[in-house]
Amino acid sequence: MDPKRILEVQERNARRGNAPVQLGINRTVTAPLPALQWMPVGRGFVARLQVTSPDALGMRVGLDLSMLPGAAELRFAGDLAPGRITRVPVAKARTLLAEGLYWSPPTDGATQVIEVFVPAGTEIAGLALAAPEISHLLTNAQERFSLAKAIGMSAPCNVDTRCREEALGQDFINAKNAVTLLVFTERGSFGCAGTLLNDTDPDTQIPYVWTTHYCPRFQAAANTLVSYWGFEATACGSGVAAEHVVLGGGAEIVFVDEYRQPGPFSTESAILRLNEHPPAGAYYAGWNTASLARGDSVVSIQHPFADLKKSSLGQMRFPGDHHYMVGWASGTAVWEDRGAGLFTLGEEGYQLRGGLVDSFASCANSGDLSHNENLSHFSRFDAAWPYVKAFLDPELLGPRPTRNYTGAWYSPEEPGWGLTLHQYPQPQHNLFAMFFIYDQAGQAQWLELEGSWTATDVRSGNLLQSTAGPWGPAYNPANRQFTVAGNATLAFTSNTTANVTFTVNGATRSISLQKL
């Protein structure tokens, strides 16, 4: 790696601005991967290859999966932790593409080992894997994602969350278990923090994560997102990472509050919906829609510079229309702690009040609440509440979907018919659904679902058949008429699977569907 590029990362991370901490540098791969060499194993065949970026502490590989079947499985490990293996079905990986590439999970070491498994009966001739791009990570989990080894950066006064457990008790432990490290790749690899939030629907537990509006900013980057749970010290001051869980699967950006009219400012907050559920031990934090008052005690829980989980204690000093300015009595929150959660203690434990978006604070001024350079800016949860309540308090709006199901849906066992769906944004989440099937004479038939959300992720209603005058220059949309041809219920079981039950043309059917 050219030292100039590492210096550029150092300079970038030293500048305050609307960006998370950069952890890695993307590189174009000029040499193609070798041809897959298949070996028979139980129930199929496996091929192994390695991708190396000299001097990297970790790796992500951007893979072109176009020459692999959906039934294949990818397996990833790093040369520094060969026993930590991540398995990803190719069919799932294809739902997480970013500019045509699937980004492998981060692995420790300069070499990433990739295995491709295909089940018995697969035609292996012609199968191939390409890696047009890699992300050369300047740190890894074994280095606690500290950039000190690579580019000499650290935050010395933040306190390990382990150090505060005894004094602050179980409520604090719950809050810290809600905070996660987010890592994503978009022309480089980046890290910031997020907080897992609870909602008011007792029948669901949707993994919503509160963070800043550039962590990540675009959906393609959200497809590459992985989250680290329990990434903290083994003990107070140990400097050793405890056992933790790395969760892949990407995320969906469901809310972004950047710059609303008529003013130039916003809360700069965002909500992600993880595609996979967090591991056991993760905590869904509560939240509070009331405004903070000057002098209110606060706690911030952070992953500074994507390091092990830390915490700081302070007070809300000055309220703005969209942000709180917080001063620190113990520890700090520098701008590189982007996404760090801000909490206050209530009757039901610690509750989220915002997330870090900028800071003028430093360890040099920690403890001096009157110092102007001991202030950090946090988004105001209460200011964003009118825009996020549809997600976190769904009972206000009645049943609704938990994901966006826009796309083409079909039954793999019965190709030739299916559904086209388009889901409109919150708060209503209206769904346009068009069935393309065949009538009793075998002629193509289009039916529109006139329905509503009757339960969480369940859409039900009548199927309408339309007639109109001939299409052409004299076409008059006023002549279009609808008749009820049947009814249907769509029950979504994941972002790519659903069950449909419908009655039409005198037949009732229940069929499993997949999203293309």
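Predicted model: local features only at pLDDT ≥ 70, side-chain atom pairs only at ≥ 80, totals over all residues.
**Disulfides**

The chain holds three disulfides, and with the bonded cysteines counted along the chain they follow the pattern 1-6, 2-5, 3-4. The table lists the sulfur separation and the distance in sequence for each pair.

| Pair | S to S | Separation in sequence |
|---|---|---|
| Cys 163 and Cys 236 | 1.9 Å | 73 residues |
| Cys 192 and Cys 215 | 2.5 Å | 23 residues |

The disulfide of Cys 157 and Cys 363 has a torsion of about -85° about its S-S bond and is therefore left-handed. Cys 157 is partly exposed at a relative accessible area of 23%, and Cys 363 is partly exposed at 25%.

For Cys 163 and Cys 236 the torsion about the S-S bond is about 95°, so this disulfide is right-handed. Cys 163 sits in the loop between E11 and helix H4 (165-176), while Cys 236 belongs to the loop between strand E15 (226-229) and strand E16 (245-247). Cys 163 has a relative accessibility of 30% and counts as partly exposed.

**Paired strands E28, E29 and E30**

Strand E28 (residues 431-438) pairs with strand E29 (residues 444-455) in the antiparallel sense over five bridges, and E29 pairs with strand E30 (residues 458-467), also antiparallel, over seven bridges. Glu 448 in E29 is the bridge partner of Met 434, and Glu 448 also stands opposite Leu 464 in E30. The hairpin of E28 and E29 has five residues between the strands, and in it Gly 442 takes a positive phi near 85°. The hairpin of E29 and E30 has two residues between its strands, and Asp 457 in the turn has a positive phi of about 65°.

The largest pocket has a volume of about 720 Å³ and is lined by 27 residues, with Lys 92, Thr 95, Asn 495, Thr 496 and Lys 515 lying nearest its centre. Helix H2 (90-93) and strands E17 (251-256), E18 (269-274) and E33 (507-515) are the elements that each give two or more residues to this lining. By class, the lining of the largest pocket comprises seven nonpolar, 13 polar and seven charged residues.

The second largest pocket holds about 470 Å³ of space, and of the 35 residues that line it, Thr 86, Pro 105, Pro 106, Val 246 and Gly 248 are the closest to its centre. Elements giving two or more residues to this lining include strand E4 (58-64), strand E5 (73-78) and E15, and the largest share, seven residues, comes from E6. The lining of the second largest pocket divides into 18 nonpolar, 12 polar and five charged residues.

Notes. Residues numbered from 1 in each chain as written. Heavy atoms only, no water. Disulfide = S-S within 2.5 Å. Buried < 20%, exposed > 50% of the residue type's maximum accessible area, 1.4 Å probe, protein only. Helix = DSSP H or I, 4+ residues; strand = E, 2+ residues; numbered from the N terminus. Pairing = 2+ DSSP bridges. 1 Å grid on protein atoms, 1.4 Å probe; cavity = no way out; pocket = protein on both sides within 12 Å on 5 of 7 lines; lining within 4 Å. Points joined across faces, edges and corners; volume = space filled by probe spheres on them. Nonpolar A, V, L, I, M, F, W, Y, C, P; charged D, E, K, R; others polar.
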